Amino acid sequence: MEPAPLPPQPVMRRYLPLTVAGLIVVGFAIALIISISGGSSTTSSDVTKLDPNATQPPELVITNDVAGTRLPNIPYVAFDGSTKDLAPNDKPLLINVWSSTCVPCITEMPALEKVWQANRNDIDVLGLDYLEPPELGQAMADRTGVTYPLGRDVNGSILRSLGGIGLPYTVLVASNGTILATHSGALTEAQFATLVKTATGN
């Protein structure tokens, strides 16, 4: 008697190896994408990407280096409503751009205040509020207790001209107007002191 022919293989069992192989490939691709993106970005606790419509913008990925160039002579609006030129006044100038929606700015500004109080005879500090109504910027200044000069980057052009795309953003300028260094992200009191020493030699 001849053996009975094998029953036809179910469609699912026939394609099961291909399905498993496909899932493995897709899983590997997802893991690769996550590992690449996770290794190259800056954490949102350090830098806030600019988006004036967001309550807490996402993380910053890149910055523009303008160190070694001249500080552009751009007007800004002081908190008292007057218009002033963005320029050093016979001393190095430390510019710090912030906003009330930037969580790292809240912790950074008091540290900058302490460094400015200790070095105000040797360096000027200017805090610029990015794209906010005056009342929000004033509330932030009251909350952090800063007393160094403050102004407003009304349309965001100052930050862009300084190479910044995230907050907080700090720019160190020599007394001759040359940009010495820039930094995206929160700085500690010790790091601010190091910047001051870089500019003044003290």
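Helices (H or I, at least four residues) and strands (E, at least two) are DSSP runs, numbered from the N terminus. From that end, the elements of the protein chain run α-β-β-β-β-α-β-α-β-α-β-β-β-α. That comes to five helices and nine strands. This is a predicted model: local features need pLDDT of at least 70, side-chain atom pairs count only at pLDDT 80 or more, and totals for chains, interfaces and linings use all residues. Residues are numbered from 1 along each chain as its sequence is written, and side-chain values use heavy atoms, with hydrogens and water left out.

**Whole chain**

- The protein chain has 202 residues, and 35% of them are buried. Buried means under 20% relative accessible area, exposed over 50%, and partly exposed in between (1.4 Å probe, protein chains only).
- Among contacts (heavy atoms within 4.5 Å) with a separation of 6 or more, 70% link residues 24 or more positions apart.

**Disulfide**

- A disulfide is counted where two cysteine sulfur atoms lie within 2.5 Å. The count is one.
- Cys-102 is joined to Cys-105, with 2.4 Å from S to S.
- The link of Cys-102 and Cys-105 is right-handed, with 85 degrees about the S-S bond.
- Both Cys-102 and Cys-105 are buried.

- Strands β8 (residues 169-173) and β9 (residues 179-184) run antiparallel, joined by five bridges. Two strands pair if DSSP finds at least two bridges between them.
- Tyr-169 stands opposite Ser-184 in β9.
- Five residues lie between the strands of this hairpin, and Gly-177 takes a positive phi near 95 degrees.

**Helix α5**

- Helix α5 (residues 189-200) has 12 residues, which at 1.5 Å a residue should span 16 Å; its end C-alpha atoms are 16 Å apart, so the two agree. The expected span is 1.5 Å times one less than the number of residues.
- Phe-192, Leu-195 and Val-196 are the buried residues of α5. Seen down the axis, they fall within an arc of 100 degrees, so they line one face of the helix. The arc is that of the directions from the helix axis to the C-beta atoms.
- These buried residues of α5 pack against β4 (93-98), α2 (103-119) and β8.
- Ala-190, Lys-197 and Thr-198 are exposed on the other side of α5.
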